[in-house]
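Dear colleague,

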Amino acid sequence: MAITITDGICPIFSSGSRRPHFSYLKSNQLLTSIALGRLRDGSKVTATVNPYSETEAARPEERKSLTDFLAEAENFYISEGGDGGPPRWFSPLECSSRAPGSPLLLYIPGIDGTGLGLIRQHRRLGEIFDVWCLHFPATDRTPARDIVKIIERTVRSEYYRCPNRPVYIVGESVGACLALDVASSNPDIDIVLILANPVTRVNNFMLQPLSSLLEIFPDQVASLIENKFVFTEGYHQYAGMFESMLNETVTQMGGGLLGDIFAASANLPTLARIFPKETLLWKLQLLKSASASAKSHMYTVKAQTLILLSGRDQWLLNKEDIKRLCCALRKCEVREFANNGQFLFLEDGVDLATILKIAYYYRRGKKLDYISDYTLPTPFELKEFEQSQRLLTAAVSPVFLSTLDNGTLVRSLAGIPSEGPVLYVGNHMLLGLELRPAAIHFLKERNIILRGLAHPLMFAKKIGSKLPDMQMFDSVRIIGAVPVSNTNFYKLLRSKAHVVLYPGGVREALHRKGEEYKLFWPEHSEFVRIASKFGTKIIPFGAVGEDDLCQMVLDYNDQMKIPFLKNIIEEITQDTIKLRNDEEGEVRNQDLHMPGLIPKIPGRYYIYFGKPIETKGREKELNDKEKAHEVYLEVKSEVERCMTYLKTKRENDPYRNIFPRLLYYLSHGLSSQIPTFELPNH
């Protein structure tokens, strides 16, 4: 169905939509300020072509800029013609390519109120969400409590339509306060809060310069600024005062993108039209009332919450209040962006879709499913992952060997099956550093994503815990690592994934001195029986090279003799999910610690994938525990054989040390493959 625009009033959402419409726009507003979004039933609006849509389709990897933000914000102002009416929702046309079953994402803007704060994020978010943005016309004076009601009606409408699907609310500064109020008054609804620089108490020290600046502005300031500081008669005395106070205010705000906006005189006329003096004064009052309300209600919020903090946002944020907010929220995670400023979503290097994916905050149902809710990384995300591992990969120059069906050993991944399910079972080197180079190589050579079964500490952290920051594990999560569990293992194989399993777990990754390449596998394991249910190919592999990268000087045994380190180890271990409590001996010891290491002149990593072990057609046979145990021992023996082979053969590698490799790069180019030891039949 298409609706042709005529004179008069046109609803944002059609009367036939599955959700009720809440407000109306004049027809010219729908054309210009809504940027030709779709109606809520999915129908298109037949009208003038969106000037940005064709450009964006032609260059999908490019994102809109600050200039685009200001241009579209001015379109809102022009279309409203001084009488914008009440707040209203719009859905950007760029967000129309969402996948079926995508949850609703409501964006509540910050102090700007335009609803365009996600303009750089629209295309990416539109692939996995049904995006609605709330717009406040410049003349709107709706109080905070009524804005909360508008948002609540939308949230409840979506909940009644899809009760098993979460509703996401993304709020910036004052919008985050409004989102907290909505969540506190709707504890029965599955809401996921994404709060960017939430303000639960106004920082008057930073806010006062801006308030003072606004109070002394003449009412005609918009026209004055539009004339680029050519002040008319009677207002010359404001020129010097305006410039000096503007510079002082920008400095106290911490600079960043906000400083760039105000510092560029070319932006001031647009800003003055979009945000007249009365509007800004009202926004400050709205900020105070909304933050006070959020502060009083935050202890009743049950929603899953992700807080995004800018390191350079010293304008409104109070760090102590953020800590108090985190303690008040029951399910909360904080991610910090040290080099970003106030308008987080408008700055380079900030991708909200990627943030939600690596934090595992994206889900389509009541509970997160690490397999079905996982979305494949985009080319940009894969490039970022490769860049993050570039130093390690260059230092260890990994060699990958695989075995063809006829038993021939080749230096490539040609022996790896293309179709899953495939289970890779091998040894953990120190700190598990072998997985990242392997993941990159599988992606580049075979276009295969390895789904690793990882320790739960990489996915959850209690408030106040001394566990590492979750952002340390972003590179592991973006390529699909999941918490190790029988359920996740079963689901991965059922989905025909390529799965990496380390039976040695933490004990092997955090081994002691002299335990390099020693396996700490449990006596019995169920992975063979589970794998056989799906006809999984099991590929044993061995990895060596950690002893050429670093030397351990302070291991677990040493640290347990030092009282304060012993206390830290016990506290950290206590904060994690206990694994292998039913095992005996060293396999059961899953204590977490950070070994003391001294780097060496880098050697080389070697990873050898053995011949696949077929389980297809053997489900009945391998359902027998004794038969499955025989295969388990076969896998373990093959892993040990692969490691022994590599430790022996690397002695004949002329490029094992980094210096010969550097010389080879200089003479053959950085993209060349560095030779290694000679393989059989070559």
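This is a predicted model: local features need pLDDT of at least 70, side-chain atom pairs count only at pLDDT 80 or more; totals for chains, interfaces and linings use all residues.

Residues are numbered from 1 along each chain as its sequence is written, and side-chain values use heavy atoms, with hydrogens and water left out.

The peptide bond between Gly420 and Pro421 is cis, its omega being near 5 degrees. Pro421 lies in the loop that runs between strand E13 (409-410) and strand E14 (422-426). Helices (H or I, at least four residues) and strands (E, at least two) are DSSP runs, numbered from the N terminus.

Ser173, a residue other than glycine, has a positive phi, near 45 degrees. Its place is in the loop between strand E8 (167-172) and helix H6 (174-184). Ser173 is buried, at a relative accessible area of 13%; buried means under 20%, exposed over 50%, and partly exposed in between, with a 1.4 Å probe and protein chains only.

Lys496 likewise has a positive phi, near 65 degrees, and is found in the loop between helix H19 (486-494) and strand E17 (498-501). Lys496 counts as exposed, with 55% relative accessibility.

With a disulfide taken as a pair of cysteine sulfur atoms within 2.5 Å, the count is 0 disulfides. Cys133 is in none, and the nearest cysteine sulfur, that of Cys95, is 6.4 Å away. Cys133 is buried, with a relative accessible area of 0%. Cys642 is buried, with a relative accessible area of 0%.

With kind regards
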